[in-house]
Amino acid sequence: MSDKAREFIDFWVENSIHAVEQHQTAGASQDVAELTRRLIEAAKGQGIPEADLRAAIGDIAAYIEELLRAANRAESDRRQPT
């Protein structure tokens, strides 16, 4: 695994994985296939092959799906009245 791939993934996730916005308004994509394709394409644009992404995180779609779940869970928890 290359450090470049891991750094790129972390940067991409920070800028691309977001919780669903409240009241079902249009917001960040929650489509795992679309986000997977975007990550792979963005990495290729930076000279990082898909194989390096897989070496860093394993199954790309499963990784993105788990991050979306975590982001949505955190946002839901944040909105709960205390």
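## What covers helix 4

What covers the buried residues of helix 4? The cover includes helix 1 (3-16), helix 2 (32-45) and helix 3 (50-57). "Buried" here means under 20% relative accessible area, "exposed" means over 50%, and "partly exposed" lies in between (1.4 Å probe, protein chains only).

Before going further, a word on the model. It is predicted, so local features need pLDDT of at least 70 and side-chain atom pairs count only at pLDDT 80 or more, while totals for chains, interfaces and linings use all residues. Residues are numbered from 1 along each chain as its sequence is written, and side-chain values use heavy atoms, with hydrogens and water left out.

## The overall layout

The protein has four helices and zero strands, in the order α-α-α-α from the N terminus on. Helices (H or I, at least four residues) and strands (E, at least two) are DSSP runs, numbered from the N terminus.

Of the 82 residues, 27% count as buried. Contact means heavy atoms within 4.5 Å. Among contacts between residues at least 6 apart in sequence, 68% join residues at least 24 apart.

## Helix 4 in detail

Helix 4 covers residues 60-79, 20 residues in total, and reaches 29 Å from its first C-alpha to its last, close to the 28 Å expected at 1.5 Å a residue. That expected span is 1.5 Å times one less than the number of residues. At the start of the helix, a side-chain oxygen of aspartate 59 comes to within 3.0 Å of the backbone nitrogen of alanine 61. This pair can be read against the definition of a polar contact: N or O atoms within 3.5 Å, where within protein one must be able to donate a hydrogen and the other to accept it, and residues adjacent in sequence count only if both atoms are side-chain atoms.

Ile60, Ile64, Leu68 and Glu75 are the buried residues of helix 4. They sit on the same side of the helix because they cover an arc of only 70 degrees around the axis, the arc being that of the directions from the helix axis to the C-beta atoms. Leucine 68, in helix 4, is buried at 4% relative accessibility. Its C-alpha atom is separated by 10.0 Å from that of serine 16, 52 residues away along the chain.

Helix 2 has 14 residues and reaches 20 Å between its first and last C-alpha, close to the 20 Å expected at 1.5 Å a residue. Its buried residues are Leu35, Thr36, Leu39, Ile40 and Ala43. An arc of only 135 degrees around the axis puts them on the same side of helix 2. They pack against helix 1, helix 3 and helix 4, while the face turned away from the buried side carries the exposed residues Ala33 and Gly45.

Both ends of this helix deserve a look. Aspartate 31 caps the N-terminal end, with a side-chain oxygen 3.3 Å from the backbone nitrogen of alanine 33. Just after the helix, glycine 47 takes a positive phi of about 80 degrees.

## The nonpolar core

In soluble globular proteins, nonpolar side chains tend to be buried together. A nonpolar core is a set of buried Ala, Val, Leu, Ile, Met, Phe, Trp, Tyr and Cys residues joined through side-chain atoms within 4.5 Å. The largest one here has 17 residues, and those with the most contacts inside it are Trp12, Ile17, Leu39, Leu53, Ile60 and Ile64. Helix 1, helix 2, helix 3 and helix 4 are the elements that give two or more residues to this core, and the largest share, five residues, comes from helix 1.

Not counting residues up to four places away in sequence, leucine 39 touches Phe8, Trp12, Leu53, Ile57, Ile60 and Ile64.

## Salt bridges

A salt bridge is a side-chain nitrogen of Lys or Arg within 4 Å of a carboxyl oxygen of Asp or Glu, and the count comes to eight. In helix 2, glutamate 34 and arginine 38 are four residues apart, so about one helical turn separates them; their side chains meet in a salt bridge (2.0 Å, N to O). Glutamate 34 is partly exposed at 26% relative accessibility, as is arginine 38 at 37%.

In helix 4, glutamate 65 and arginine 69 are also four residues apart, about one helical turn, and form a salt bridge (3.2 Å, N to O). Glutamate 66 and arginine 73 form another (3.5 Å, N to O). Salt bridges that share partners join Glu65, Glu66, Arg69 and Arg73 into one network.
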